[in-house]
Amino acid sequence: MKKVLVVDDDPSMLTLALNRLQTESVEVLTADNGADGLHMAREHRPDVVVLDLMMPKMHGYTLIQEIHNDPALSHVKILVTSAKAYASDVERTLRLGADRYLTKPYDLQEFWNTVSELLEEKRPPFTVRFWGTRGSIATPGEATVKYGGNTACTELRCGDQLLILDAGTGIRGLGVSLVSEFQEKPITGHIFVGHTHWDHIQGFPFFAPAFNPANEFSIYSLHGAEKPLKKVFRGQMDSDYFPVLLSDMKAHLEFCELESEVNLGPTRVSYVFLNHPGLAVGFRIWFSGRSVVYISDHENYGRLAPDGPSPNSMDLDIARFAEDAELLISEAQYTEEEYAQKKGWGHSTFLDALERAAQAKVKRLAIIHHDPSHDDAFLDGILGFCQKTIADRGYTFSCFLAQEGTSVEI
Ligand SMILES: [Zn+2]
Ligand SMILES: [Zn+2]
């Protein structure tokens, strides 16, 4: 059921609004000051907040901004109801992030019509498409047609924004598709690279849109362990290894070394350090009240400290980073038997990924970074193992193994 939170310090207005809303099939919450209203909004994540401007503890202008600036509340629609009718006040509330303004005293039917319009406003599309699902090295061929042979690359469309997670060989196909979609229109995109091992950057020199001077791409990753990010990308295109230089890629390329959360307007991206040889991070993408978490590549800390507490607190931190996400895209490369031979290589087992998703209480888990030695038939078997484990343990999320070329709506 949709939730509406009404924040008003005037008890008669609060009762009036409450009584009207309770005749509809919505859950209604109330608070009689701005600070409690913000607390309730964070705890219950309502769909619509109806708020007064002049309130004790926190006035309405601050409350609008607090809601607007909280990524977990970016889906919330705001209706301001106030006795103030000055055009400058109306303009300011809308500029700060309110969606509608009603002057008190308002007509109760008009009030409900406005709330109901806000409840029905469609959320913008948030789509994930897998272009490269393989880990370590590309493995094309008959045996990998179903799950795919290209290395790490996932496309996200957050409304009109284009985000790309990793630039493994899968990014070549994405580039071809973007060129055909955009035709003459310039392309702007944000490429987030978890770490710069080959399987996460090798497709970049083949990303056709990066050769068109009309296009713009920002590439986000950490400063390298011993050199700047741009130099790391330039290195793989050194003439000893590749015939085209980074400087031949004529799109506007900006290399952005991550220091804090990245704010892209309606979309925000935060990151967390992972346990992998060298430097690696995972990402959380927040958009329109929903989020996708991308964890690749990561070996559970607890696996390397088997005598420590279980689960390991640093692994729980990673799970907390992914908490309540609509989709967790997590790497998993080994069975328990394989892991015994590959401990310390920086990757998860299938069981690790399932436990991570359960700890994080996510709604869906997509497993990526398929091992080069795992063909389609083997991965079908792994999917069966995952589904059986989910059923046996009473986990509530669903799970799939990412297949190259497939899309998921968030
Ligand atoms: Zn990798
Ligand atoms: Zn790696």
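**Entry 1**

I began with R95, which is exposed at a relative accessible area of 54%. My cut-offs are these: buried means under 20% relative accessible area, exposed over 50%, and partly exposed in between, with a 1.4 Å probe and protein chains only. The model is predicted, so local features need pLDDT of at least 70 and side-chain atom pairs count only at pLDDT 80 or more, while totals for chains, interfaces and linings use all residues; side-chain values use heavy atoms, without hydrogens and water. I kept the numbering plain: residues count from 1 along each chain as its sequence is written, and chains are lettered from A and ligands numbered from 1 in the order in which they are written.

R95 forms a salt bridge with E91, and the closest N and O atoms are 3.1 Å apart. For a salt bridge I need a side-chain nitrogen of Lys or Arg within 4 Å of a carboxyl oxygen of Asp or Glu. Both residues sit in helix 4 (residues 87-96), four residues apart, which is about one helical turn. Helices (H or I, at least four residues) and strands (E, at least two) are DSSP runs, numbered from the N terminus. E91 is partly exposed, with a relative accessible area of 43%.

**Entry 1: other salt bridges**

How many salt bridges does the structure hold? I found 19.

I then looked at R393 and E355, whose side chains meet in a salt bridge at 2.9 Å, N to O. R393 belongs to helix 13 and E355 to helix 12 (residues 350-360), so this pair ties together parts that are 38 residues apart in sequence. R393 is partly exposed at 39% relative accessible area, and E355 is partly exposed at 27%.

E155 and R157 also meet in a salt bridge, at 2.8 Å from N to O. Is E155 buried or exposed? E155 is buried, with a relative accessible area of 7%. I also noted D8, D52 and K104, which are linked in a network of salt bridges.

**Entry 2: the zinc site**

Which residues coordinate the zinc ion (ligand 2)? They are H195 (NE2), H197 (ND1) and H276 (NE2), at 2.1 to 2.2 Å. Donors here are N, O and S atoms within 2.8 Å of the metal (3.2 Å for Na, K and Ca); water is not among the atoms, so sites may look incomplete. Along the chain, the donors of this zinc ion (ligand 2) follow the spacing H-x1-H-x78-H. The zinc ion (ligand 1) and the zinc ion (ligand 2) are 3.5 Å apart.

H276 counts as buried at 8% relative accessibility, whereas H197 is partly exposed at 33%.

Seven strands form an open sheet in the order 12-13-14-15-16-17-18, with mixed pairing. Two strands pair if DSSP finds at least two bridges between them. Strand 12 (262-264) and strand 18 (398-401) are at the edges with a single partner strand each, so one side of each has no neighbour in the sheet.

Strand 13 (residues 267-273) and strand 14 (residues 281-287) pair in the antiparallel sense over seven bridges. Within strand 14, I285 stands opposite V269.

**Entry 3: strand 6**

Why is strand 6 (residues 126-132) largely enclosed by the rest of the structure? Six of its seven residues are buried, so the rest of the structure largely encloses it. Strand 6 runs antiparallel to strand 7 (residues 153-158), joined by six bridges, and F126 stands opposite C158 in strand 7. Strand 6 is also joined to strand 19 (residues 407-409) by three bridges, again antiparallel. There, S407 is the bridge partner of R129.

**Entry 4: helix 1 and L119**

My last stop was helix 1 (residues 11-21), where M13, L14, A17, R20 and L21 are buried. The buried residues of helix 1 pack against strand 1 (3-7), strand 2 (27-31) and helix 5. L119 lies in helix 5 (residues 108-120) and is buried at 11% relative accessible area. Leaving aside neighbours within four places in sequence, L119 is in contact (heavy atoms within 4.5 Å) with residues including V4, V26 and W112.
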